[in-house]
Amino acid sequence: MDPILIQDVLKTLPHRFPFVMVDRVLSIEGGAVHAIKNVTVNEPFFPGHFPQEPVMPGVLITEALAQASMFCLHGQLEPGTVGYLAGIEGARFRRKVIPGDQLHLHAKLEFLRRGLGKTTCRAEVDGVVVAEATILFAVAQG
């Protein structure tokens, strides 16, 4: 497949600046997604999150994984359907994410039944796992 560029990412996700955490979807295959988030020094959270040593907050890495998870359902959802975060299990943060990093977001759909779903996710920088979590979500009309 061709990558899903930001214009089409914005057609899928309801989020807008400054809360869009997926810049591009590189692949969707068999319920597994590979997306990227480019982390830049001008992100709005860096001036307040350790100004002397800017670090991307773990909750925003988790949000990026949750947003990437919605692409596991790409082409399966009705227009206007939104995924709502329902839970996070086993979140672990292994290393800092700093300006200049390219966050590779991997999500695999475990199940989707009656509007409830689960994905196993990991975030990597330069091939090294920086975070992992299981994301639980509910899908409904927005």
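1. Start at the hairpin of E1 and E2: two residues sit between the strands, and Gly 30 there takes a positive phi near 55 degrees. Strands here are DSSP E runs of at least two residues, helices are H or I runs of at least four, and both are numbered from the N terminus. E1 covers 24-29, while E2 takes in residues 32-38. Keep in mind that this is a predicted model, where local features need pLDDT of at least 70, side-chain atom pairs count only at pLDDT 80 or more, and totals for chains, interfaces and linings use all residues. Residues are numbered from 1 along each chain as its sequence is written, and side-chain values use heavy atoms, with hydrogens and water left out.

2. E1 and E2 run antiparallel, joined by five bridges; two strands count as paired if DSSP finds at least two bridges between them. Val 25 stands opposite Ala 35 in E2, and Ile 28 has Val 33 as its bridge partner. E2 is mostly covered, with five of its seven residues buried. For burial, the cut-offs are under 20% relative accessible area for buried, over 50% for exposed and partly exposed in between, using a 1.4 Å probe and protein chains only.

3. Six strands make an open, antiparallel sheet, ordered E1-E2-E4-E5-E6-E3. E1 and E3 (81-93) are the edge strands; each has a single partner strand, so one side of each is left without a neighbour in the sheet. From one strand to the next, the twist averages 25 degrees.

4. Moving along the order, E2 pairs with E4 in the antiparallel sense over seven bridges, and here Lys 37 stands opposite Leu 103. E4 is then joined to E5 by nine antiparallel bridges, with Leu 109 opposite Thr 119. Their hairpin also has two residues between the strands, and Arg 114 takes a positive phi near 50 degrees. Next, 10 bridges join E5 to E6, again antiparallel, with Thr 120 partnered by Thr 134 in E6. The turn of the E5 and E6 hairpin holds Asp 126, whose positive phi is about 55 degrees, and there are two residues between these strands.

5. What packs on the sheet? Helix H2 (residues 58-69) does, touching E2, E3, E4 (102-113), E5 (116-125) and E6 (128-141). Contact means heavy atoms within 4.5 Å. The direction of H2 makes about 55 degrees with that of E4; axes are lines fitted to C-alpha atoms, for helices over the stretch in contact, and angles run from 0 to 180 degrees between N-to-C directions.

6. On to the core. The largest nonpolar core has 36 residues, and Val 22, Met 56, Leu 103 and Leu 105 touch the most other members. Such a core is a set of buried Ala, Val, Leu, Ile, Met, Phe, Trp, Tyr and Cys residues joined through side-chain atoms within 4.5 Å. E2, H2, E4, E5 and E6 each supply at least two residues of this core. Beyond its neighbours within four places in sequence, Val 22 has contacts including Ile 6, Leu 13, Ile 36, Ala 64, Phe 71 and Leu 105.

7. Which position does UniProt list as "active site"? The record, an unreviewed entry, gives His 49; UniProt positions are in the numbering used here, feature names are shortened, and annotations may be inferred rather than shown by experiment. His 49 is in the loop between E2 and H2 and counts as partly exposed because its relative accessibility is 24%. Leaving aside neighbours within four places in sequence, His 49 is in contact with Pro 54, Val 55, Met 56 and Pro 57.

8. Glu 43 lies between E2 and H2, and at 10% relative accessibility it counts as buried. The Glu 43 side chain makes a polar contact with that of Lys 37 at 2.8 Å. Polar contacts are pairs of N or O atoms within 3.5 Å; within protein, one must be able to donate a hydrogen and the other to accept it, and residues adjacent in sequence count only if both atoms are side-chain atoms. Asp 101, in the loop between E3 and E4, is buried at 11% relative accessibility. A polar atom of the Asp 101 side chain lies 2.9 Å from the backbone nitrogen of Ile 98. Not counting residues up to four places away in sequence, Asp 101 touches several residues, among them Lys 37, Asn 38 and Arg 95.
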